[in-house]
There are 2 protein chains.
Amino acid sequence: MSVSRPSGRSSVTPPTLADVAERAGVSRQTVSNAVNNPDLLREDTLSRVQQAIAELGYLPNRAARNLRTRASHLIGLPIKAAEEGTANALMDRFVHSLVDSSREAGYHVLLFSGTRTGKAVDELPAYDDLLRSTAVDAFVVTDTYLGNPQAEWLDQRRAPFVAFGRPWNDPDARHPWVDVDGAAGTEMATTHLIERGHTRIAWIGWRKDSLLGEERRAGWSRAMRSRDIPTSGLASRVEDTVSSGREASAVLLDEAHPSAFVCASDTLAMGVLHTLAERGLSAGHDIAVTGFDDSQVAQTVPPGLTSVRQPLEDVAVEVVKALEGLLGAPPTVHPGVLLTPRLVVRGSS
Amino acid sequence: MSVSRPSGRSSVTPPTLADVAERAGVSRQTVSNAVNNPDLLREDTLSRVQQAIAELGYLPNRAARNLRTRASHLIGLPIKAAEEGTANALMDRFVHSLVDSSREAGYHVLLFSGTRTGKAVDELPAYDDLLRSTAVDAFVVTDTYLGNPQAEWLDQRRAPFVAFGRPWNDPDARHPWVDVDGAAGTEMATTHLIERGHTRIAWIGWRKDSLLGEERRAGWSRAMRSRDIPTSGLASRVEDTVSSGREASAVLLDEAHPSAFVCASDTLAMGVLHTLAERGLSAGHDIAVTGFDDSQVAQTVPPGLTSVRQPLEDVAVEVVKALEGLLGAPPTVHPGVLLTPRLVVRGSS
DNA sequence: ACTGTGCGTTGGAACGATCCAGGACCGAGC
DNA sequence: GCTCGGTCCTGGATCGTTCCAACGCACAGT
């Protein structure tokens, strides 16, 4: 009952555990238990404390809790600049779902980016700082393409993190991951075109050193081969830019005479639409096109671009599940989750 | 020199201020000063402490610092779901720049969203929780359209925040804001079309209760009127969707025979492109079109959509400047900053 | 009556930083 | 020689929470 603070201060300072304790006539620890382990309290005590909490509008101070529990209840999410001139803006849906799922699990999402030195962006110091200053409990890493050092670095450091994307280059990586079955997506797109009567279906994908690109390509060739449709001369591998897609499709049209294109990205598919527009061909009517990611570009471009839509909302949910397993008590072995995309059919096919 | 912690623990626990102090042979407070007020130290002491810091790889514990200073060094940024089927994804550039500028000012960005109850999303409880639990120091609010209660609520609560967008509905709002001169943007677009020889230039914008939309419309009519070009019958006001843009442009083409369209958004402009495609007209060749926001859609759609590009990077920089003024010592009066966009010309005009 | 066994609750210590009041030291001034 | 003022540094208290050891109490077992 000691007056540990001058009265009248409550108008500027939020109420603390001690204030609630005094009002409810219990000790601080009991209030703490009421918040974190209600089961430990007798029913009448619990309700008395809860009423005091409600009356004062008490909410635990995060900094104090974080200090004591050695946890920040924050999840670090690195963001890269969206490339200009591409259709890639899929992070939006993912981020939003990640924020929602995280909140339900008691976490918030902290954004950060690497420091730019000249042109190259080095992200590792940023990870390091956040870890060492205990600013975040874990990371979500979204790029696990070949040669990306972050996942490996974090693994070595035994820093908790979950990857969106398989550990392509590291078969015995220990961290949890969630990914989307890209091959299944392109296979759906290709099968869809075959069912529409197409047989000469071209592939425009990424350079061979992109394992992600090779996987998507595998979906196309699997669908073709399972119906004994030849694929030779129908595949092209280029950079992920609109102009590359435009040039590749022009060459393919001249040399292989396809009636449809399956692309590894919406960006490449937009390149195909450029070629068609230049030649006075109509997408969907004369030549069919499918993309990948169901970007806003795919949704709005006339006549609508058929595209493979990744279940980013579900990915985020799985990522948070994995994070909970990582940070919670049970040392669960979370191997990896593979989700299946779906095809959104629009006017371009 | 007291052994305040069991040895061997340093391998798992990051070094603390006390560790650095012991190694450098100074008190904790001196280390703290070396980090926060280097001027107070004698030169040789400072370098000795700095060396100890470097050797141990010390970084201040965020939670402890936050607890003591009653600040989280976090800035809350609410995110809304990007609407499907529109071209609006402009947050990407803004967020990235905000993260970068914030880091330079010593802050990180915390994402949050409202809790969905049924269909409506109520964000105010989320703001309230973050404030009361001292999880963030300030907010950045990005939607200040009419009827948005957040800015007003925060103002009343005297919570520190900066708005991206003018306080349209509250002339005597006290908070700092940063905005882009939309009228200047549409005026540039319209003038550009006039210089290309167009005289019948139509406007497709938003419903009248959108002050933001009315401002953009004013830029169009200002450019027209300053050259004595009549505007009657050439304006349309609809919802911000692709289909609305398509329908509005179809009606305008039939009734007013414009040779060019200035649109309040890329989404509406895409609607125009749909109409043109349906009628076998060529954007840029037969009919000129301009959009607003320079979205990825504008950048990738054939033949390229001329669009007004907001200086989002600069907006973020100004927002952080305002935040620093708000949270720093000097109670600066930061009235409001208005930036000018620029026109990115592409094939559609 | 005496000892164990839970349950519900308690007060002190700790997390790691900063705030604050004051101490050691040194040269200047009378 | 003594005080004074300033610079540089120190040790204790504190922020608000959770961890930890232990305590009072009611009840069951020998």
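Predicted model: local features only at pLDDT ≥ 70, side-chain atom pairs only at ≥ 80, totals over all residues.
Trainee: Which residue has a side-chain N or O atom 2.9 Å from a phosphate oxygen of DNA strand C?
Mentor: Set aside N61(B), where a backbone N or O atom lies 3.1 Å from a phosphate oxygen. The side chain of R65(B) has an N or O atom at 3.2 Å from one. The 2.9 Å distance belongs to the side chain of R70(A).

Trainee: Which element gives the most to the surface near DNA strand C?
Mentor: Elements giving two or more residues are α2 (28-36) and α4 (62-69) of chain A, plus α2 (28-36) and α4 (62-69) of chain B. The top contribution is 5 residues. It comes from α4(B).

Trainee: Now the open sheet in chain B: which are the edge strands?
Mentor: The sheet has 6 strands with mixed pairing, in the order β9-β8-β10-β11-β12-β14. An edge strand pairs on one side only. The edges are β9 (235-238) and β14 (342-344) of chain B.

Trainee: Which residue of β14(B) stands opposite V308(B)?
Mentor: Strand β12 (residues 306-309) of chain B runs antiparallel to β14(B). The two are joined by 3 bridges. Opposite V308(B) stands L343(B).

How values were computed
Residues numbered from 1 in each chain as written. Chains lettered and ligands numbered in written order. Heavy atoms only, no water. Polar contact = N/O pair within 3.5 Å; in protein donor to acceptor, adjacent residues only side chain to side chain. Helix = DSSP H or I, 4+ residues; strand = E, 2+ residues; numbered from the N terminus. Pairing = 2+ DSSP bridges.
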